[in-house]
Amino acid sequence: MTPLPQPLSDWFATKGWSPRRHQLDMLEVARAGRHGLLVATTGAGKTLAGFLPSLAELIEQPSEGLHTLYVSPLKALAVDVRRNLLTPVEEMGLDIRIETRTGDTSSDKKARQRIKPPQILLTTPESLSLLLSYPDSFTMFEGLRTIVVDEVHAFATGKRGDLLSLCMARLQRIAPRLRRVALSATVADPDAYRAWLAPDGDIEEVALVQGEPGAPPNVAIVLPQGRVPWAGHSGRYAAEQVMAEIAAHRTTIVFCNTRSLAELIFQDLWKANAGNLPIGVHHGSLSLEARQKVEGAMAAGQLRALVATASLDLGVDWGDVDCVIQMGAPKGSSRLLQRIGRSNHRLDEPSEALIVPGNRFEYLEARAALDAVERGELDPDLFRMGSLDVLAQHLMACACAAPFHRDAMLDEVRSALPYSALPDATFDAVLGFIRDGGYALRAYDKFRRLTEEDGTWRVSHPKFVAQHRLNAGIIVEATMLTVRFKNGRSLGKVEEGFAATLSPGDTFFFAGLSLEVIAMDTEDLLVRATSRPARIPTYGGARMPLSTNLADRVRGFLADPGQWHRFPDDVREWLEVQAKRSVLPAPGQLLVETFPHENRHYMVAYSFEGWNAHQSLGMLITRRMETRGLKPLGFVSNDYAFAAYSLEPVTDPAALFSPDILEDEFVEWVENSSLLKRAFREVAVIGGLVERQIPGKRKTGRQVTFSTDLIYDVLRKYEPGHLLLQAAWADARARMTDVGRLADLLDRAAGTMLHIDLPRVSPLAVPVLTLIGRERVAQGLVDDALLIEAEALAADAMRLD
């Protein structure tokens with residue numbers, strides 16, 4: 001084993017530490033000149049392991065210029081790593097400059113970094129892509145030795161991963177000796193990530209380093225004082241128990257699956273906070289200042305608890321956090337493990353965590369997640385072909401830096417794994433789209449961004465370079481309005497769709513405050529603080545799908561009475577009565593129950609494919625019921641089932657679930673709904689067809705939507721095969737509707753469906769049917785009314801006569 005340079009070994013000694021095996025293994029991999037993937041549990045010193053080879057090289061061979069690039073999924077994470085990396089570097093007395101470059105970095109600092117970069121630069125995929133759009137990127141990156149991709153599981157399977165993969169391909173051409181490194185705590189299939197990381201997908205080029213296992217986590221399920229609820233998904237009933245746990249620990253993070261739930265739980269905890277303990281709230285829609293204030297308070301040990309969303313899943317590592325609480329079911333074992341790792345951020349101490357299930361199905365899901373974590377079973381990550389809108393943005397960035405030759409660029413693009421199988425014709429279609437917008441748009445000069453001559457492509461006018469740099473980026477936010485006080489102070493943003501439901505005098509919770517609406521214009525929602533009761537903001541696209549791994553485990557519980565002794569008495573009784581009154585579905589079986597209730601007819605399908613897929617299926621099935629004269633009244637869904645209700649009974653459910661529904665009703669529904677328009681808006685912005693910003697001004701969400709809707713209508717009419725319409729269809733199918741899970745469900749429905757016709761509601765149907773009550777009750781009365789309705793429905797369902 002090659003020894004550490006003296007400053008590093010002395011630093012470890014003064015701390016009383018020894019380097020961990022995987023940290024030294026990463027150093028060996030670097031000295032052998034190989035790329036490396038490190039998979040190690042949270043708290044195992046992954047960040048230091050990633051940077052150790054760079055620090056060693058800069059100690060042994062001091063150099064100016066950019067040596068190491070660190071890419072993070074979150075701006076906050078880059079800032080956090082800078083703090084944690086600067087401290088050891090300063091303590092060792094090393095002459096190494098470390099700087100951050102994100103969207104929040106000042107323009108003069110960005111300009112200076114391009115001329116005189118630090119030895120280590122911490123950035124995000126979007127900021128890296130922008131750097132590569134400058135002509136001086138060739139000199140800036142020519143000496144680059146290492147790129148470190150942190151939390152690689154948060155990148156690789158999505159559009160930001162496509163962009164980063166293309167950026168790494170470009171960097172490898174500029175700096176052929178570049179070494180790629182990726183770090184993660186939760187990777188189910190390391191070989192898939194090795195292939196994604198490697199140039200040309202050559203898995204053998206990437207060494208796999210696995211960290212030592214940490215102490216097993218101590219995770220428990222919180223059972224309410226009384227019984228596990230029939231309805232709900234938030235665990236709000238346990239506010240006092242959660243507050244007692246907060247009081248019993250130094251610092252607690254309370255994770256919620258949506259931003260609106262985080263606001264709601266914060267209010268519940270505040271009401272139960274008899275000791276006036278300092279607690280805060282943190283989510284992605286709060287303003288940067290509000291988030292930084294809360295992060296600073298946590299880092300300084302001034303908060304006893306922080307209610308948070310996925311904004312802290314990856315994030316900020318605070319050593320004093322000694323308990324993590326998950327409100328509602330975790331939806332996946334990998335996500336749960338990531339969140340558990342925020343507690344006792346040390347390898348040798350067990351993390352302590354609690355799960356608060358919202359209802360009986362969520363209890364089973366929580367138990368399934370605990371079993372999966374205990375067995376080290378993670379959720380699979382699904383890799384896919386690279387997105388064409390991202391490729392269009394990247395090619396434009398490359399053209400802004402310098403003209404390129406078509407064949408050389410295609411070869412470079414194919415060296416990125418997501419684009420390794422890109423057909424020549426598709427690549428040429430993307431170039432043609434950037435050249436003139438496509439057949440239906442080529443008459444307009446504003447879409448002629450590139451020109452081609454003898455196979456060499458260049459930007460057609462300097463104005464398009466400025467336009468690209470102003471508008472580049474992969475994250476396309478939902479149209480948002482800024483929530484402001486009259487004095488101008490910003491609290492954050494809410495979606496325009498939610499704001500449109502508000503009138504002056506209405507109230508809602510946000511940033512931990514009850515706010516009253518004063519007025520709304522195109523960009524701002526003006527509010528004042530109030531003590532009146534409030535509604536809760538809702539955020540589209542915030543639903544996390546139930547992982548197939550946990551869904552399969554829950555199905556296994558239902559089919560195996562030998563497991564039921566592990567469950568609370570009321571959960572066990574629920575399953576026993578279901579088995580007597582109806583059946584419990586076997587793994588792989590699609591149980592469909594039909595029954596009358598209160599002068600309506602119900603059909604409940606237990607498909608376990610997640611909320612997104614069930615929402616889509618509900619839309620399609622009710623359309624088909626309409627055409628067959630069944631007079632549907634509506635549908636509701638959760639992660640485990642969906643229920644349709646109608647005036648006429650469903651006697652042949654198999655006919656409703658035939659696979660051709662995806663060819664007929666699905667296509668018609670998507671084309672006539674806002675789904676495809678929303679998807680088109682995103683790909684048009686990413687692909688550079690529509691500007692979000694013009695010099696000196698940012699367009700409002702409404703202006704962007706208006707522009708994209710006009711183009712969408714033109715293309716649908718005159719060029720239905722347009723590249724961006726194809727990309728929008730791919731997005732709408734895969735991401736917004738979980739159509740892959742939907743197709744699998746429909747393919748197996750005919751062979752696996754078990755139809756049980758019942759005289760009245762079944763126990764298994766109660767959790768999903770109570771959602772219908774939510775639609776009939778005014779917002780402030782929902783919880784009490786749902787509780788009453790659920791208990792009445794359950795009493796009917798649980799009768800054995």
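**Sheet, core and aromatic pairs in a predicted model**

Among contacts in the protein chain between residues at least 6 apart in sequence, 73% join residues at least 24 apart, contact meaning heavy atoms within 4.5 Å. The structure is a predicted model, in which local features need pLDDT of at least 70 and side-chain atom pairs count only at pLDDT 80 or more, whereas totals for chains, interfaces and linings use all residues. Residues are numbered from 1 along each chain as its sequence is written, and side-chain values use heavy atoms, with hydrogens and water left out. The protein chain has 30 helices and 28 strands; these are DSSP runs numbered from the N terminus, helices being H or I of at least four residues and strands E of at least two. Of its 801 residues, 58% count as buried, where buried means under 20% relative accessible area, exposed over 50% and partly exposed in between (1.4 Å probe, protein chains only).

Five strands form an open sheet with mixed pairing, in the order β24-β25-β23-β22-β28; two strands pair if DSSP finds at least two bridges between them. At the edges are β24 (632-637) and β28 (753-757), each of which pairs on one side only. On average, neighbouring strands of this sheet are turned by 15° against each other, direction ignored. Axes are lines fitted to C-alpha atoms, for helices over the stretch in contact, and angles run from 0 to 180 degrees between N-to-C directions. Within the sheet, β23 (residues 600-606) pairs with β25 (residues 642-646) in the antiparallel sense over five bridges, and A643 in β25 is the bridge partner of V604. Helix α22 (residues 611-627) lies across β23, β24 and β25 and runs at about 170° to β24.

A nonpolar core is defined as a set of buried Ala, Val, Leu, Ile, Met, Phe, Trp, Tyr and Cys residues joined through side-chain atoms within 4.5 Å. The largest such core holds 109 residues, of which L69, L128, F141, F657, F680 and L689 touch the most other members. Helix α15 (residues 388-401) contributes the largest share of this core, nine residues. Apart from this core lies another of 67 residues, with I355, F361, F557 and F567 among them. Leaving aside neighbours within four places in sequence, F657 is in contact with L590, M603, A605, L617, I621, F642, L746, A749 and M753.

Aromatic pairs number 17, on the criterion that rings of Phe, Tyr and Trp (its six-membered ring) have centres within 6.5 Å; planes under 30 degrees apart count as stacked, over 60 as edge-to-face and the rest as tilted. The ring centres of F557 and F567 are 5.3 Å apart and the planes stand at 70°, so this pair is edge-to-face. The pair links distant parts of the chain, ten residues apart: F557 belongs to helix α20 (residues 548-559) and F567 to the loop between α20 and α21 (569-581). Both F557 and F567 are buried. The pair of F642 and F657 is tilted, because the ring centres are 6.2 Å apart and the planes at 45°. Here F642 lies in strand β25 and F657 in the loop between α23 (653-656) and α24 (665-672), 15 residues apart; both F642 and F657 are buried. Ring pairs also join W230, F361, W574, F608 and Y640 into a cluster.

The count of disulfides, pairs of cysteine sulfur atoms within 2.5 Å, comes to zero. For C167, the nearest cysteine sulfur is that of C398, 7.9 Å away. C167 is buried, with a relative accessible area of 0%, and C323 is likewise buried, at 0%.
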